[in-house]
Amino acid sequence: MARVFDFTKKRRESALEMAANRCQRCWSERDLMVHHRIPIADGGMAELSNAVVLCRSCHRDSPHDLFLFENLYLRFSSPKEMILHYGAKTEEEAFEKWQAETGYKGAFDYRSHGDLIKEKMAHKVRNGGLPGFGHPFGYDIKDGKLLLNAEESKVVREIFDMYTSGRSLKKIVRYLNYKGIPPKRGKKWYPTTISKILKNPLYCGYISWDGVIKKAQHEEIIDVGIFNEVQKMLSKRSNKPPLILG
Ligand SMILES: [Zn+2]
């Protein structure tokens with residue numbers, strides 16, 4: 001359903017062309033996405049006039065407030081630029097000068113697009129829902145629910161077994177790549193993929209999002225005791241305190 005409001009391929013291409021294939025804020029050429037100036041939720045349309053090209057990080061940090069977005073965020077590519085423009089000493093002082101110039105009454109401490117998404121997700125997790133993550137290895141997602149994937153969950157168990165029996169991340173990676181076991185995305189395994197799996201409480205039946213950890217409804221792949229043991233082993237290597245689940 002949501003796709004109805006998405007830009008067509010042609011409009012997306014036109015928007016990128018008009019922006020010379022650069023982020024309209026910071027001029028980066030990497031991770032570009034075509035976004036809605038006025039969000040769909042606020043009545044924004046999938047028209048070219050409502051398109052703005054932003055890189056991933058500029059989009060994440062962009063203010064939800066449209067006036068701020070148009071007149072401050074897109075105008076200055078960084079706080080430094082705004083400070084220099086107003087001959088101010090701090091970002092707050094520059095913002096006050098900008099306020100005097102534009103008559104903007106809102107606060108300096110704005111909520112960004114990324115903040116709003118985080119709040120929404122944390123709320124969902126607190127109420128027993130799933131955060132909007134991609135398909136985690138070991139599971140399939142059906143009707144918003146996590147279902148065990150037989151083949152992949154076997155591999156997850158193997159990864160935990162190998163790690164508890166003392167194999168390094170590199171050795172586990174080598175083994176999986178050698179056996180030709182495909183990861184969820186891409187073609188090869190990397191130590192970071194393995195360490196993400198080993199640290200994910202999802203595999204022992206919990207859901208974690210932005211600091212909120214909750215017992216969830218889905219079937220676990222490994223025992224919580226093994227998960228805790230692995231966290232202790234990982235923390236010895238990283239010198240960070242382990243995450244221990246009840
Ligand atoms: Zn940017």
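# Reading domain contacts and side-chain pairs

A: The protein is divided into three domains: domain 1 (1–62), domain 2 (63–111) and domain 3 (130–238). The model is predicted.

Q: How many residues do domain 1 and domain 2 each bring to their contact?

A: Domain 1 gives 13 residues to the contact and domain 2 gives 13 residues. Taken over C-alpha atoms, the centres of domain 1 and domain 2 are 22 Å apart.

Q: How many salt bridges cross the interface of domain 1 and domain 2?

A: As a general idea, side chains of opposite charge can pair when their charged atoms come close. Here the rule finds 1 salt bridge across the interface of domain 1 and domain 2. In the model, Arg-37 forms a salt bridge with Glu-70, with 2.9 Å between the closest N and O atoms.

Q: Which elements supply the side of domain 1 that touches domain 2?

A: β2 (51–55) and α2 (56–61) each supply at least two residues of that side. The largest share, 3 residues, comes from α2. By type, the residues on this side of domain 1 divide into 6 nonpolar, 3 polar and 4 charged.

Q: How many salt bridges does a search of the whole structure find, and what does Arg-56 pair with?

A: The search of the whole structure finds 10 salt bridges. Arg-56 forms one with Asp-31, where the closest N and O atoms are 3.9 Å apart. Arg-56 lies in helix α2 and Asp-31 in the loop between α1 (9–18) and β1 (32–36), so this pair ties together parts that are 25 residues apart in sequence.

Q: How many aromatic pairs are found, and what is the geometry of Phe-67 and Trp-98?

A: A pair of aromatic rings is described by the distance of the centres and the angle of the planes. The whole structure holds 10 aromatic pairs. For Phe-67 and Trp-98, the ring centres are 6.1 Å apart and the planes are at 50°, so the pair is tilted. Phe-67 lies in helix α3 (residues 66–73) and Trp-98 in helix α5 (residues 91–102), so the pair ties together parts that are 31 residues apart in sequence.

Q: Where does Ala-20 lie, and what is its phi?

A: Most residues other than glycine have a negative phi. Ala-20 lies in the loop between α1 and β1, and the phi of Ala-20 is near 55°, a positive value in a residue other than glycine. Asn-21 is also placed in the loop between α1 and β1, and the phi of Asn-21 is positive, near 55°.

Notes:
Residues are numbered from 1 along each chain as its sequence is written. This is a predicted model: local features need pLDDT of at least 70, side-chain atom pairs count only at pLDDT 80 or more; totals for chains, interfaces and linings use all residues. Side-chain values use heavy atoms; hydrogens and water are left out. Domain bounds come from an automatic or database domain assignment. Contact means heavy atoms within 4.5 Å. A salt bridge is a side-chain nitrogen of Lys or Arg within 4 Å of a carboxyl oxygen of Asp or Glu. Helices (H or I, at least four residues) and strands (E, at least two) are DSSP runs, numbered from the N terminus. Ala, Val, Leu, Ile, Met, Phe, Trp, Tyr, Cys and Pro count as nonpolar, Asp, Glu, Lys and Arg as charged, and the others, Gly among them, as polar. Rings of Phe, Tyr and Trp (its six-membered ring) pair if their centres lie within 6.5 Å; planes under 30 degrees apart count as stacked, over 60 as edge-to-face and the rest as tilted.
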